[in-house]
Amino acid sequence: MLNNDFFINTVRFIALVLLQILLLNNINFMGYINPYAYITFILVFPLNANKSLLIFLAFLIGLTIDMFMDSGGVHAAACSFIAYIRPWILKFSFGVSYEHNTIRIGKTSMAQRFSYVGVMVLLHHFILFSLEIFSLEHILLIVKSTLFSGIFTILIVLGLIILFSRKN
């Protein structure tokens, strides 16, 4: 079973990086909307897996995106942050079900899924754009970029989770 999870997560990692690099990095609507679907890897990483491994893999996926986008580490920092706070967001979104390890993200209610994905994506984007712009003079630009890109990313991530959730 461990080898199956390793294979699935490796394929997911590579597929999301390729999707981001080859397709989504070329989307730039109105200068504010840039979808970042690669964070789906962090969101759907197995809940019972090693937390330190998740933070390392989140850093690695962010660093990989940074290398292809020449963005100086902002994706790695934002991914590491959301991987670190993921347990608290899971507890906020799923409550007691998360504490007892009885949740599957693909099988939860749409409201719970939306709150989990929404909070994680908006936090990721806020950190990402804050580090990218790095100026309080442009706080409106940071908020605008976070909201517009976040909404588009939330829709893509929810679609990916619904599309690839296992049917039993």
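**Exercise 1. In which loop does Asp70 lie, and is Asp70 buried or exposed?**

Some ground rules come before the solution. This is a predicted model, in which local features need pLDDT of at least 70, side-chain atom pairs count only at pLDDT 80 or more, and totals for chains, interfaces and linings use all residues. Residues are numbered from 1 along each chain as its sequence is written, and side-chain values use heavy atoms, with hydrogens and water left out.

Solution. 
- Step 1: Find the loop. Asp70 sits between helix H3 (51-69) and H4. Helices are DSSP runs (H or I, at least four residues), numbered from the N terminus.
- Step 2: Check the cover. Asp70 has a relative accessible area of 72%, so Asp70 is exposed. The cut-offs are under 20% for buried, over 50% for exposed, and partly exposed in between (1.4 Å probe, protein chains only).
- Step 3: Read the backbone. Phi of Asp70 is near 55°, a positive value in a residue other than glycine.

**Exercise 2. Trace the nonpolar patch on the surface.**

Solution. 
- Step 1: List the members. They are Leu122, Phe126, Leu136, Ile139, Leu140, Val143, Leu147 and Phe148, with about 740 Å² of accessible area together. Areas come from the Shrake-Rupley method with a 1.4 Å probe. Nonpolar side chains (Val, Leu, Ile, Met, Phe, Trp, Tyr) are joined within 5 Å.
- Step 2: Find the elements. Helix H6 (110-133) and helix H7 (139-164) each give two or more residues. H7 gives the largest share, five residues.
- Step 3: Take one member. Val143 is in helix H7. Its relative accessible area is 35%, so Val143 is partly exposed.

**Exercise 3. Which parts of the chain does the pair of Phe94 and Tyr116 link?**

Solution. 
- Step 1: Count the aromatic pairs. There are six. Rings of Phe, Tyr and Trp (its six-membered ring) pair if their centres lie within 6.5 Å; planes under 30 degrees apart are stacked, over 60 edge-to-face, and the rest tilted.
- Step 2: Describe this pair. Phe94 and Tyr116 are tilted, at 5.6 Å centre to centre and 50° between the planes.
- Step 3: Locate the partners. Phe94 is in helix H4 (residues 74-94) and Tyr116 in helix H6, 22 residues apart, so the pair links distant parts of the chain.
- Step 4: Check the cover. Phe94 and Tyr116 are both buried.

Conventions
Patch = residues over 30% accessible without salt bridge, like charges linked within 9 Å, V, L, I, M, F, W, Y side chains within 5 Å. Salt bridge = Lys/Arg side-chain N within 4 Å of Asp/Glu carboxyl O.
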